[in-house]
Amino acid sequence: MRLLGVDVGGTNIKAGIVSEGGEVIESRIYPSPRDLPSLFLLFERISSELSPFDAAGFGIAGLWDEGRKKIRFAPNIPYISDAEIWDEIQRSFPGAMVQNDANVAAFGELLFGRGRTFDSFIYLTLGTGIGGGIIHKGKLIKGKNGFAGEVGHMIINPDGVKCGCGARGCWETEASASALERKYFEKTGKRISAKKIWERAKAGEKTAEELYRNVATWLGRGIVSLINIFDPDAIILGGGLSEAGEILFAPLRDYVRKNSYVFKYGKIDILPSSLGYMSGVIGAAAYGWKGKE
Ligand SMILES: [Zn+2]
């Protein structure tokens with residue numbers, strides 16, 4: 001089987017063919033177009049370059065309204081908000097399924113990743129923001145409108161900075177890769193990537209180490225609440241920041257152990273995703289294949 005997955009982000013659009021075992025057979029990365037007509041042209045191009053396919057799925061970085069079949073809000077792809085994308089997608093990809101990017105990544109984790117061994121888990125992607133997808137008893141929780149899982153916008157620091165969603169002090173303003181980069185800039189005056197900060201922390205730079213612990217603590221605060229509410233089998237972390245390994249995971253698990261009695265007395269794992277860089281494409285393909293069920 002050839003399952004097509006398309007991951008539509010603000011910087012790149014990734015597309016690929018995934019096997020029914022979850023392997024990426026073919027893939028392409030395109031810079032994100034700046035306007036809707038160019039996006040539709042790119043959809044046609046993806047469809048012809050990656051044909052034939054048996055099912056297709058889209059993960060889009062925005063609030064996907066399941067009833068209206070529209071993205072209602074996409075801070076990183078503003079022109080897509082409320083645009084008529086459904087008919088265009090169906091024209092190039094008949095029968096395609098569409099959902100929010102973090103929700104399809106959670107679905108990919110369920111079908112092809114670490115989630116295969118779990119019944120209920122929360123997937124978090126730590127990048128520019130914090131995306132979330134909640135799997136309960138083998139099903140993606142979508143909510144009334146299709147908006148469920150927006151955990152990155154739990155307000156966790158009311159005195160914190162303004163968030164792209166319009167609120168102040170959302171979780172992603174304290175615990176995402178871009179939050180780490182902002183905090184590093186505030187301390188040192190240097191703008192470097194989260195990956196570079198990680199390299200500096202590994203090399204023993206005090207500020208970088210301290211900020212990794214700081215972000216791990218903020219991450220822990222949100223995860224404690226999620227664990228106490230859902231009592232899941234696992235929390236699975238994907239996205240760039242999750243590749244930092246023990247520099248992030250050790251202080252994170254330590255914080256959660258000390259602060260969540262559900263974690264302490266339950267048996268809950270906190271793990272990195274196993275799907276890596278193409279997790280969005282794998283998730284979209286998985287959702288296109290099994291998302292209807
Ligand atoms: Zn927010």
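# Group meeting talk: a walk through a predicted model

Helix H5 covers residues 177–188, and at 1.5 Å a residue its 12 residues should span 16 Å; the end C-alpha atoms are 17 Å apart, which agrees. Please keep in mind that this is a predicted model.

Staying with H5, its buried residues are Ala-177, Ala-179, Leu-180, Glu-181 and Tyr-184. What do they pack against? The buried residues of H5 pack against strand S8, residues 121–126, helix H4, residues 172–175, helix H6, and helix H7, residues 206–230. After H5 comes Gly-189, and the phi of Gly-189 is positive, near 80°.

H6 spans residues 194–202, and Ile-197 is found in it. Is Ile-197 buried or exposed? There are 27 other C-beta atoms within 10 Å of Ile-197, and 20 or more count as buried, so Ile-197 is buried. Setting aside residues up to four places away in sequence, Ile-197 touches Leu-180, Tyr-184, Ile-192, Ala-208 and Leu-211. Two of those names, Leu-180 and Tyr-184, were in the list of buried residues of H5. One more distance for Ile-197: its C-alpha atom and that of Ala-244 are separated by 10.0 Å, with the two residues 47 apart along the chain.

Now the domains. The domain assignment gives domain 1, residues 3–106 + 278–290, and domain 2, residues 117–274. Their C-alpha centres lie 25 Å apart. As for contacts across the boundary, 12 residues of domain 1 are in contact with 15 residues of domain 2. On the domain 1 side, strand S5, residues 63–65, and helix H3, residues 101–112, each supply at least two of the residues that touch domain 2. H3 gives the most to that side, with 5 residues.

Next, the sheet. In what order do the strands of the open sheet of 5 strands run? The order is S3-S2-S1-S4-S7, and the pairing is mixed. S3 and S7, the latter at residues 97–100, are the edge strands, each pairing on one side only. On average, neighbouring strands of this sheet are turned by 15° against each other, direction ignored.

Strand S1, residues 3–8, and strand S4, residues 55–60, pair in the parallel sense over 6 bridges. Within that pair, Leu-4 has Ala-56 in S4 as its bridge partner. Helix H10, residues 279–290, packs on the sheet and touches S1, S2, S3, S4 and S7; the direction of H10 makes about 125° with that of S1.

The other pair is antiparallel: strand S2, residues 12–18, is joined to strand S3, residues 24–31, by 7 bridges. Here Gly-16 stands opposite Ser-27 in S3. S2 and S3 form a hairpin with 5 residues between them, and Gly-22 in the turn has a positive phi of about 90°.

On to the core. Which residues have the most contacts inside the largest nonpolar core? They are Leu-180, Val-215, Ile-235 and Ala-285, in a core of 85 residues. H7 gives the most to this core, with 10 residues. Both domain 1 and domain 2 give residues to the core, so it lies between them. Ala-285, leaving aside neighbours within four places in sequence, is in contact with Leu-3, Leu-4, Gly-5, Val-18 and Gly-57.

Last, a few backbone details. Most residues other than glycine have a negative phi, and most peptide bonds are trans. Which peptide bond here is cis? The bond from Ser-51 to Pro-52 is cis, with omega near -5°. Pro-52 lies in the loop between helix H1, residues 36–50, and S4.

Then there are two aspartates. Asp-82 is not a glycine, yet its phi is positive, at about 65°. Asp-82 lies in the loop between strand S6, residues 70–73, and helix H2, residues 86–92. With 13 other C-beta atoms within 10 Å, Asp-82 is partly exposed. Asp-231 also has a positive phi, near 45°. Where is Asp-231? Asp-231 lies in the loop between H7 and strand S11, residues 234–238. Asp-231 is partly exposed too, with 13 other C-beta atoms within 10 Å.

That is what I have for today.

Terms used:
Residues numbered from 1 in each chain as written. Predicted model: local features only at pLDDT ≥ 70, side-chain atom pairs only at ≥ 80, totals over all residues. Pairing = 2+ DSSP bridges. Helix = DSSP H or I, 4+ residues; strand = E, 2+ residues; numbered from the N terminus. Buried ≥ 20, exposed ≤ 12 C-beta atoms within 10 Å, placed from the backbone. Contact = placed C-beta atoms within 7 Å. Axes fitted to C-alpha atoms, helices over the stretch in contact; angles between N-to-C directions. Expected span 1.5 Å × (residues − 1). Core = buried A, V, L, I, M, F, W, Y, C linked by C-beta atoms within 7 Å. Domains from an automatic or database assignment.
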